[in-house]
Each structure stands twice: as structure tokens, then as C-alpha cells.
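Subject: Structure handover

Hi,

Here is the structure for you to look through. My notes on it follow below.

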Amino acid sequence: TRAIVPSNNNQVNTFLFNNFQLHSKRLSSLGDAVLGSLTSQSLQPSKMGDGLAVAKGLLPKHARKQIDRLVSNHGIDVDSCQNTLAKLLIGIRLRIIVAMDWTVFAKDGQMTITLRLVTTHGRATPLLWQTVSVVGLKGNKNNHVFALLEKLRLLVPDNCQVIVVAD
């Protein structure tokens, strides 16, 4: 199935500029990354660059470099962006169901714990996540679970009931 890709990233940029507190150039770069990802149907940085090149008529080499610079930009606070996105996804709901799951990336020696917002149409949208090294994880897994659940607690409005589903 081929994704529907916007012909430009005006909607993405409008969303980013209205909701995230970052420098305008960084927001534009994030918008380009989203456009590249949608066009390439990939989150792999080099493929995102190729998608951006196709979408904006750029040379792939230069578009890949733009994505690479974005990924290595320390001026973007990933936690702050993640918190903002989670608050937007939760919105004014009075009740949310959150699925918690660990994913193992054995080849990389990492695991990711993810809290996903379960939607009414059977999908689960990532809300919060944290990737940790498997080295030293034994006996500390629950600490990561509790930290992520506490982060969620701080982001959810007081009048919102949270149901966590985990295996």
C-alpha cells in the first residue's frame, strides 16, 4: 500500500509551529524530516533524506545531509518534544487506555519500553518511550517502567482516568 503524501509540508509545518517551542529553523527541519519520512515510508535517516529529495526536488546527497544534521542537533530536546506530543495526543480525553510493552533489539544490545495510546479503531499510537542498553538492565527493568509511568502521570490531566495494559 502506498501512503498518501502531501505535495508540500505546509500542514506539517503549521502543526509544528503551533505546538512546539523550538527555533523556527529547527521546526522547518523537523517538518522536512516528516515530509521525507512520509515520502520514503521509512524512518531510516538516509531513506528519509532520499524521500525529502524526491518531495522537494533536491539532490539526494544534500537532503541526506540535512536529515543527518537534524538527527545530531543537540538543540532539539527530545524529551520536551515527546512530552508535548503526548499532551497533544491525550488532549481533553477523560479516559485513556495505555498499552505498555518492551521491544528487544538484540543485535543492537538495546530494549525499548513504549507506552502506546490505544485508539478506538484498533491501533496504538506511541505516547512515550525510552530505549535502554541491555547491559546492567537485569534487576533494573522495573525502575525504567516506574520512571516512564511517572512521566505519564505528570503529563495526564487530573480529570483523566488512565488504564494501563501490560503483559
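Helices (H or I, at least four residues) and strands (E, at least two) are DSSP runs, numbered from the N terminus. This is a predicted model, in which local features need pLDDT of at least 70, side-chain atom pairs count only at pLDDT 80 or more, and totals for chains, interfaces and linings use all residues. Residues are numbered from 1 along each chain as its sequence is written, and side-chain values use heavy atoms, with hydrogens and water left out.

**Overview**

The protein has six helices and four strands. From the N terminus, the elements run α-α-α-α-α-β-β-β-α-β. The C-alpha trace spans about 45 × 40 × 35 Å along its principal axes. There are 167 residues, and 29% of them count as buried. Buried means under 20% relative accessible area, exposed means over 50%, and partly exposed lies in between (1.4 Å probe, protein chains only). Contact means heavy atoms within 4.5 Å. Take the contacts with a separation of 6 or more: residues 24 or more positions apart account for 46% of them.

**Helix α1 and its partner**

Helix α1 covers residues 10–19. Its buried residues are Val12, Asn13 and Leu16. Seen down the axis of α1, they fall within an arc of 95°, so they line one face of the helix. The arc is that of the directions from the helix axis to the C-beta atoms. Gln11 and Asn18 are exposed on the other side of α1. The buried residues of α1 pack against α2.

Asn13 shows this packing in detail. Its relative accessible area is 16%, so Asn13 counts as buried. Leaving aside neighbours within four places in sequence, Asn13 contacts Leu27, Ser28 and Gly31.

Gly31 sits in helix α2. Gly31 is buried, with a relative accessible area of 0%. Not counting residues up to four places away in sequence, Gly31 touches Asn9, Val12, Asn13 and Leu16. Gly31 and Phe15 are 16 residues apart along the chain, and their C-alpha atoms are separated by 9.1 Å.

How far apart are the end C-alpha atoms of α2? They are 24 Å apart, which agrees with the 24 Å that its 17 residues should span at 1.5 Å a residue. The expected span of a helix is 1.5 Å times one less than its number of residues.

The buried residues of α2 are Leu27, Gly31, Asp32, Ala33, Leu35, Gly36, Ser37 and Thr39. Their cover includes α1, α3 and α4 (60–71).

Two packed helices are described by the angle between their axes and the distance between the axes. The axes of α2 (residues 24–40) and α3 (residues 45–56) come within 7 Å and cross at roughly 95°. That makes α2 roughly perpendicular to α3. Axes here are lines fitted to C-alpha atoms, for helices over the stretch in contact, and angles run from 0 to 180 degrees between N-to-C directions. Angles under 35 degrees count as roughly parallel, over 145 as roughly antiparallel, 65 to 115 as roughly perpendicular and the rest as oblique.

On the α2 side, the contact uses Asp32, Ala33, Leu35, Gly36, Ser37, Thr39 and Ser40. They meet Lys47, Met48, Gly51, Leu52, Val54, Ala55 and Lys56 in α3. By class, the contact of α2 with α3 has six nonpolar, five polar and three charged residues. Ala, Val, Leu, Ile, Met, Phe, Trp, Tyr, Cys and Pro count as nonpolar, Asp, Glu, Lys and Arg as charged, and the others, Gly among them, as polar.

Gln41 lies in the loop between α2 and α3. Its phi is near 55°, a positive value in a residue other than glycine. At 40% relative accessibility, Gln41 counts as partly exposed.

Helix α5 (residues 78–90) has 13 residues and reaches 18 Å from its first C-alpha to its last, close to the 18 Å expected at 1.5 Å a residue. Cys81, Gln82, Ala86 and Ile90 are buried in α5. Seen down the axis of α5, its buried residues fall within an arc of 165°, so they line one face of the helix. They pack against β1 (95–105), β3 (124–133) and α6 (141–155).

Thr114 is in strand β2 (residues 110–118). With a relative accessible area of 5%, Thr114 is buried. Setting aside neighbours within four places in sequence, Thr114 contacts Ala99, Met100, Asp101, Pro126, Leu128 and Trp129.

Best wishes
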